[in-house]
Amino acid sequence: YKFQQTSAKTGYSTDTTEYPVTIDSTAVVEEDVQNTPVAIGAITIDKYSLEYPEIKVAGAKFKLMDNANKTMLALSDPTNASGAITFNNLMTIDGTPQNYKVVEVEAAPNYELNGEEQTAEVSMNTTTTVSIPNTPTNSGNLKVDVEDTNYTAYGLANSNVDLYIDI
């Protein structure tokens, strides 16, 4: 026998190749055919620290779904040092943008999980950026003692110290 795809889902090309197949009565024969999107776009995630947007968050992982909540990618690679990850080659239709959903499924180290589902509209030949904040976990302590240079046992009460993030 041979089989051949005769139509494809809207937005995808039809694979018209004829594939040979042997069918017998003892087992179900399974074959896969892959279709390529006719038009594509992309989504880039921008992960940042909630109170300091200039601090990018590396290490978060995401799930990608279509608009009907069908999983396309269960677990992405982690966001890079710039807090970014891009999902390329997403199907879209010229003049009819397609919606996709992303949700963080693994938090970056030292950050709380932001499991809020985000929707991104993807148009042909464009990249849609979705900015997603993360809240740092409140861990760690800092104690600063200000002392006399010559007599370190002599603490200097009422001295002030500022704490800031070195970006």
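How many salt bridges does the structure hold? The answer is six, and this tour visits some of them in what is a predicted model.

**Stop one: the start of the chain**

Select Glu-18 and Lys-2. These two residues form a salt bridge, and their closest N and O atoms are 3.6 Å apart. Lys-2 is exposed, at a relative accessible area of 59%, whereas Glu-18 is partly exposed, at 48%.

**Stop two: a buried pair**

Next, select Lys-47 and Glu-104. Here the closest N and O atoms of the salt bridge are 2.5 Å apart. Follow the chain from one partner to the other: Lys-47 is in strand β3 (residues 39-49) and Glu-104 is in strand β8 (residues 98-106), so you are looking at a link between distant parts of the chain, 57 residues apart. Are these residues buried or exposed? Both Lys-47 and Glu-104 are buried.

**Stop three: back to strand β8**

Finally, select Lys-61 and Glu-106. Their side chains meet in a salt bridge, with 3.8 Å from N to O. Glu-106 lies in strand β8 and Lys-61 in strand β5 (residues 61-66); the pair links distant parts of the chain, 45 residues apart.

Key
Residues numbered from 1 in each chain as written. Predicted model: local features only at pLDDT ≥ 70, side-chain atom pairs only at ≥ 80, totals over all residues. Heavy atoms only, no water. Salt bridge = Lys/Arg side-chain N within 4 Å of Asp/Glu carboxyl O. Buried < 20%, exposed > 50% of the residue type's maximum accessible area, 1.4 Å probe, protein only. Helix = DSSP H or I, 4+ residues; strand = E, 2+ residues; numbered from the N terminus.
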